[in-house]
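Here are a few exercises to work through with the model open beside you. Try each task before reading its solution.

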Amino acid sequence: MSELVNKVAEILKAPVDLVQRSAEARAAASGKSVDEVLSSWAGGESVEASAPKEETPVEETPVEETPVEEAPVVETPVEEAPVVETPVEEAPVVETPVEEVPVEEVVQEVVEEVVYLKNESSLAFISGVLSIAVFTFVFAFLTPKNQSISVVESSLNNTISVSADVIKGAEIYSELNCQSCHTQNVRTLIPDTQNGKVLSNKYANKALIKNIGNIRLGPDLSTNSLREPTNNSQWLGRYLTDSSSVNREIPHPNYEFLNDEDLDYLVTYLLSLGESNE
Amino acid sequence: MKLKLIPKNEQELSKLFVLIFPLTLLLSSLLAFLKDSYFTFANLLPNNQIFNYGFLDRLSTKASFGLVFATIVCLAFTYLFSKSLGRIAVLYPLLFLTLLGFVGTEFLDIVLSFFYQDNLNITGSISVVLLLKLLVAFGLFGLASLNLLAKKETTIFASAQFIYGAIAFYFLSFLIARSELIVFTDSLLITSLYTSTHIYVGISFIYMAIIHFLMTKPIDATLFSKTLSLITFWGFLFLLPWTSYKYYFGSVLPNWLENVSIYLSLSLIIPLLAFTVNYVKTIQTREVEMNKSASLMNFSVILFLITNVLHVVSSFENLLPLVGLTNFQNVISYGYFGSLVLASVSLTYYLIPKLFGRSVKYSLLEDLVFGGLKLTYLFLLVNNFLIGVNSGYSWNAAANAGSPAIYGEGFNIVWGLVGINYSANTFISLLFLGVTMLFFISIIRTVSSGDITTVEEMVFNNE
């Protein structure tokens, strides 16, 4: 049979394995043997004009929606006959003697194994992706953002008055990326609410907003100024410059490279946490 | 090996990105190692403006999720997108400049961070660079759209559609990152949606694009079902952007958003199952034996599945307080990124013979690279999972006892529970650094002294 396959492959100018698989698929659909199918193809007329020269080296299996009418091209879960013509729709083909299968159809079958034709235009695909992107942007971002702003605006006490020193401290906090380890993000879950008020109903400075933090590795700092010993400026200053002098167990960066002025700003900011939320 | 200064076509452009990829991975692993060292040994190491945990954390994040990711996007775009849909020839100079800008702006962002540490926005980017990134992403998105619209054949390939989806959401993530901060909620909104569009959708879609190629062509397999592939594509595209909000369950975010996030996260199981079935059934039809590089692809799929299963399982409402705001969130990001890296390494070894005409010998060096990469990501996921769950449990236990912020002695107890895992993270980073160095050596060795084989010309030549 391999000679027959090679012959057909040569006629169709298609890879041998594709011809083999297409013949198997055709045989399964028509109830004939693979040899019979190959013989009919080999006996066909010349096909050089329609041979799928460009399509055969396609690199990957393409995927796109095939319309319902195109259902005949379906992958079978069976070992290695990925393309099978659905027998029901193909009934007329079955009735046609195998020997009379037009060569163009054979070529088309080979092509279809590697390139699934789709009816939708690229525009439909692009529109689909863009629609989901716009939907996400509007409903997952703009809507909750506007909702939060309107909640804050309707609040009676919607501003926080913070001193310039606190803002400077907040900027240094952000610059050092303290929010990598510390949150100021107390949740409304029952355990967390015991820790202090939620920060939503306030307008705030950008530097303050940036410092909320998303992951809690070290202690949450939203009530820093309400606790011992972190409400002590001297203790804080000492801890920030040489943490091991206060607690040897916990690794904490030493910010001894900060000048005195910046350190003061940072301590002022940390001491403000908790007060502004009251 | 000849590599022209200005690549003349996609073939040479792909070569360039194949060579840049190991370099960016090396930089990323070096920064991750420095970051973890400065966390674990914070009391011992001398700190300064550059070498402190906070700054290194920013750099490391940018190198991984910015630079490495951008390089892989460019590689996937040049080799899988423009080739398969290929009407890009006319627009080649534009494509070349855009892709260069794509990687260049990410690199610029890292370099400028050293000089403008006080000028970084909430996602860690400099405002001007972010604007450039936005323009470049828009350019690539425009080129991709043009490419789709200009194609003559009425077909679209699995890989190409995933790349297109990734680029669309990559662009969206920059739009979100530039949004203004007005109220405290904005912080969580922006970081959540940026994470889910940039990392969850962006990374996993580029990963999908590479996998849909690797599971068919290199092992001569036929895609099991295009319908399942479509379910995977549209399912993930719709669901993934919403899945990050749930980790802030109970926070200042609107309640409806947190609930929607929970339900849509649970629904991830549908596209995940579709992908799994499609993958398993597809590789069963392979006609070529899987080599060591292909086994790396298998492992990347396992990693991807584990990541998604954790993503789904963590959506249960009673588990969220335990995993939210903890290192568990990093597990998800690392999982997606790790899958992408493993698949890209596999793709790189597949491409070298095709692009450079040098065959790959799978020697001890390559065994070490593959084994090392698998171990690194497995350890990284397990370790951060333990940190996340243990610390989350501690926070909640303490909160129930009336001290949610856990200071002083209380925090010593928490640290006693997770401290060892943080030290382990440093050694995992060291392992990763070693492996990426070996990977770099392996690529250089193969490209420069591998046995000569036939170069497979890409479809289009613009010379």
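**Exercise 1.** Among contacts in chain A between residues at least 6 apart in sequence, what percentage join residues at least 24 apart?

*Solution.* Keep in mind that this model is predicted. In chain A, 78% of those contacts join residues at least 24 apart. As background, the secondary structure of chain A consists of 11 helices and 0 strands, and buried residues account for 39% of its 278 residues.

**Exercise 2.** Describe how helices H3 (residues 92–113) and H4 (residues 127–150) of chain B pack.

*Solution.* Start with the geometry: the angle is about 155 degrees and the axes lie 9 Å apart. Angles over 145 degrees count as roughly antiparallel, so H3(B) is roughly antiparallel to H4(B). Next, the handedness: H3(B) passes H4(B) in a left-handed crossing. Finally, the contact residues: H3(B) contributes, among them, Leu94(B), Gly101(B) and Phe102(B), which meet residues of H4(B) including Val129(B), Val136(B) and Gly139(B). The contact divides into 10 nonpolar, 4 polar and 2 charged residues.

**Exercise 3.** Asp220(B) and Leu325(B) have positive phi values. Is each one buried or exposed?

*Solution.* Take Asp220(B) to begin with: its phi is near 55 degrees, and the residue sits in the loop between H6 and H7 of chain B. Asp220(B) has 11 C-beta neighbours inside 10 Å, so it counts as exposed. Now Leu325(B): its phi is near 65 degrees, and its place is the loop between H11 and H12 of chain B. With 28 other C-beta atoms within 10 Å, Leu325(B) is buried.

Methods:
Residues are numbered from 1 along each chain as its sequence is written. Chains are lettered from A and ligands numbered from 1 in the order in which they are written. This is a predicted model: local features need pLDDT of at least 70, side-chain atom pairs count only at pLDDT 80 or more; totals for chains, interfaces and linings use all residues. Axes are lines fitted to C-alpha atoms, for helices over the stretch in contact, and angles run from 0 to 180 degrees between N-to-C directions. Helices (H or I, at least four residues) and strands (E, at least two) are DSSP runs, numbered from the N terminus. Angles under 35 degrees count as roughly parallel, over 145 as roughly antiparallel, 65 to 115 as roughly perpendicular and the rest as oblique. A crossing is left-handed if the near helix is turned anticlockwise from the far one by less than a right angle, and right-handed if clockwise. Two residues are in contact if their C-beta atoms, placed from the backbone, lie within 7 Å. Ala, Val, Leu, Ile, Met, Phe, Trp, Tyr, Cys and Pro count as nonpolar, Asp, Glu, Lys and Arg as charged, and the others, Gly among them, as polar. A residue is buried if 20 or more other C-beta atoms lie within 10 Å of its own, exposed if 12 or fewer, and partly exposed in between; C-beta atoms are placed from the backbone.
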